[in-house]
Amino acid sequence: MKRVFSLLTMVVLCFMLAIPAFAAEPQEAVSVTKVADSLLDGNYVTSLDGFEAFDATNIQEIEPEKMPMNYIPDLISPEVSPLSVQVYPVIFVPEENAGYILNDCGRYKQLSGTAQSELFNLSTSATTTYINEIQSTMQQYTNLTGNTCYFIGWQLTCKIQMIATRPEYIELTPTTSCISGTDPIKETIPPNYNTCTYTISGIFEPTKALTEYQWYGFKGQFAFTQADGSLGAIDVMTGFSINCSFSRRQL
C-alpha cells in the first residue's frame, strides 16, 4: 500500500509506540473505525455544500447608468474563514494490513470563523497528555485483540467557509507531512453557491519527533470574480499543530 512502509519506518524512529501483545485483565472495548484504503493510498475526501444567498437577477438593477461598462457590484463582500478542525490518531495493524482511527482519542476545535488563517493548536503540555492517551489506548487495543499496532499519523478534517457574489474556486496545498504529497487540490465552486462550506479530509504523518513543534494542514486561496470582472483571491490557512508555544506567531 502506497507509502505505508515508509510511514512505519519513520514513525517507529520518532515515536517508538509499537505495542507488543500480552495477556491482560478484561478491559472495555476500544472503538476503532477502519481508514478507507483510498485515504491510505494518498487520496482526499472532500465535500462542498452551499446555497444562493440572494437573487442574482437583482445585481444589475443597482443604478446601471452610473456603472462603468462590464461593472457588476458585489452584493456581499468576499470572505473566507476556517470553521473547524477535527483530528484522529491513525494506527496501522500489520496482521490485518489495515489502518484504523482511534475514535475515543479524537479532538475537535470550533474555530473563531472570523480569521483567514487559524489553527487548532495544542501546547507542549497538552500534546504530552494527548500522546499518553493515544499510547494507553493502543496498549488497550493490543491487549484486547492480540495484534501489534503502530501509530502512523493523523486523519485531519478541516472545514472552511467562503462567501462571494461570484465565487470561482478554492485551491489548497497540503503541508509536506501529507501522505498524498504537496500537489494542490482545486475545487470549482458553482456560481450560485454564494455562501458555501468546503470540507477536506486527509492523512498526515509526523515529520519530526512528536516532542517538537509541527503543524499539519492546508494553505491556499479562495478565488472569485470581482466587480470589474477581474479575478480576485483571498489567502486561507488551517490545520492542526502540536507542541505550540503561544508566543509563537501563527504561520
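Modeller: Happy to! The largest nonpolar core has 45 residues, and I134, W154, M162 and F240 are those with the most contacts inside it. Please keep in mind that this is a predicted model. At least two residues of this core come from each of β3, β4, α3, β7, β8, β10, β11 and β12, and β7 gives the most, with six residues.

Let's begin with M162. Beyond its neighbours within four places in sequence, M162 is in contact with L48, E79, V80, I170, I189, N194, T195, C196, Y198 and F222. Another core, of nine residues, lies apart from the largest one, and V90, F92, I179 and I203 are among its members.

Now for the rings. The structure holds ten aromatic pairs. W154 and F240 have ring centres 5.5 Å apart and planes at 70°, so this pair is edge-to-face. W154 sits in strand β7 and F240 in strand β12, so their pairing ties together parts 86 residues apart in sequence. W154 counts as buried at 1% relative accessibility, and F240 is buried too, with a relative accessible area of 1%. F240 also forms a stacked pair with Y216, at 6.1 Å centre to centre and 25° between the planes. Y216 belongs to strand β11 and F240 to β12, so that pair joins parts 24 residues apart in sequence.

Finally, α3: Y130 and I134 are among its buried residues. This helix, residues 124–145, reaches 31 Å from its first C-alpha to its last, close to the 32 Å expected.

Terms used:
Residues are numbered from 1 along each chain as its sequence is written. This is a predicted model: local features need pLDDT of at least 70, side-chain atom pairs count only at pLDDT 80 or more; totals for chains, interfaces and linings use all residues. Side-chain values use heavy atoms; hydrogens and water are left out. Helices (H or I, at least four residues) and strands (E, at least two) are DSSP runs, numbered from the N terminus. The expected span of a helix is 1.5 Å times one less than its number of residues. Buried means under 20% relative accessible area, exposed over 50%, partly exposed in between (1.4 Å probe, protein chains only). A nonpolar core is a set of buried Ala, Val, Leu, Ile, Met, Phe, Trp, Tyr and Cys residues joined through side-chain atoms within 4.5 Å. Contact means heavy atoms within 4.5 Å. Rings of Phe, Tyr and Trp (its six-membered ring) pair if their centres lie within 6.5 Å; planes under 30 degrees apart count as stacked, over 60 as edge-to-face and the rest as tilted.
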